[in-house]
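Open the model in your viewer and keep the sequence panel beside it. This tour goes stop by stop: what to select, then what is there.

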Amino acid sequence: MPEDHLTTLLAEALRNLVMFVENRSEDATPDDDVRALEDFVYVLSQASDADRTRVRHLMGEEVSAFLGWD
């Protein structure tokens, strides 16, 4: 199977979020939550312009705007 850069980025971003939620301690703060979302944005910010169009199609305008791509 040829490597699809966007699939790899989406998998990494999702894996990071799942691991954060799974390992979130009881004393985690809202700042910890924000850092997890910032990591999500950082990973997806590596998408090419063509892949950003695919993300917009797959995840919607709201997520695209959250990523700062509008």
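## Stop 1: the salt bridges

Select D51 and R54. D51 makes a salt bridge with R54, and their closest N and O atoms are 3.3 Å apart. A salt bridge here is a side-chain nitrogen of Lys or Arg within 4 Å of a carboxyl oxygen of Asp or Glu. Before going on, note that this is a predicted model: local features need pLDDT of at least 70, side-chain atom pairs count only at pLDDT 80 or more, and totals for chains, interfaces and linings use all residues. Residues are numbered from 1 along each chain as its sequence is written, and side-chain values use heavy atoms, with hydrogens and water left out.

D51 and R54 both sit in helix α3, three residues apart, about one turn of the helix. Helices (H or I, at least four residues) and strands (E, at least two) are DSSP runs, numbered from the N terminus.

Is D51 buried or exposed? D51 is buried, at 9% relative accessible area. The classes are these: buried means under 20% relative accessible area, exposed over 50%, and partly exposed in between (1.4 Å probe, protein chains only). R54 is partly exposed, at 35%.

Now show the neighbors of D51. D51 touches H5 and L6, not counting residues up to four places away in sequence. Contact means heavy atoms within 4.5 Å.

The side chains of D4 and R54 meet in a salt bridge, 3.0 Å from N to O. D4 lies in the segment before α1 and R54 in helix α3, so this pair ties together parts that are 50 residues apart in sequence. D4 is partly exposed, at 26% relative accessibility.

Next, select E61 and R56. They form a salt bridge as well, with the closest N and O atoms 3.9 Å apart. E61 is exposed, with a relative accessible area of 54%. R56 counts as partly exposed, at 25%. Salt bridges that share partners join D4, D51 and R54 into one network. By the rule above, the count comes to five salt bridges.

## Stop 2: S64

Select S64. S64 is in helix α4. At 1% relative accessibility, S64 counts as buried. What does S64 touch, not counting residues up to four places away in sequence? The answer is R56, W69 and D70.

## Stop 3: helix α2

Select residues 30-44. This is helix α2, with 15 residues. Draw a distance from its first C-alpha to its last: α2 reaches 21 Å, close to the 21 Å expected at 1.5 Å a residue. The expected span is 1.5 Å times one less than the number of residues.

Color A36, F40, V43 and L44, which are buried in α2. Then look down the helix axis. The buried residues of α2 fall within an arc of 100 degrees, so they line one face of the helix. The arc is that of the directions from the helix axis to the C-beta atoms.

Turn to the face of α2 that points away from its buried side. The exposed residues there are P30, D31 and Y42. What covers the buried residues of α2? The cover includes α1 (5-23), α3 (49-59) and α4 (61-66).

## Stop 4: a surface patch

Areas come from the Shrake-Rupley method with a 1.4 Å probe; for residues, only the protein chains shown count as cover.

Pick out M19. M19 is in helix α1. M19 is partly exposed, at 43% relative accessible area.

## Stop 5: the whole chain

Zoom out and color by secondary structure. The protein has four helices and zero strands. Along the sequence the pattern reads α-α-α-α. The C-alpha atoms fill a box of roughly 40 × 30 × 15 Å along the principal axes.

Color by accessibility. Of the 70 residues, 20% count as buried. The protein exposes about 5,200 Å², and carbon and sulfur atoms supply 56% of it.

Finally, draw the contacts. Among those with a separation of 6 or more, 60% come from residues 24 or more positions apart.
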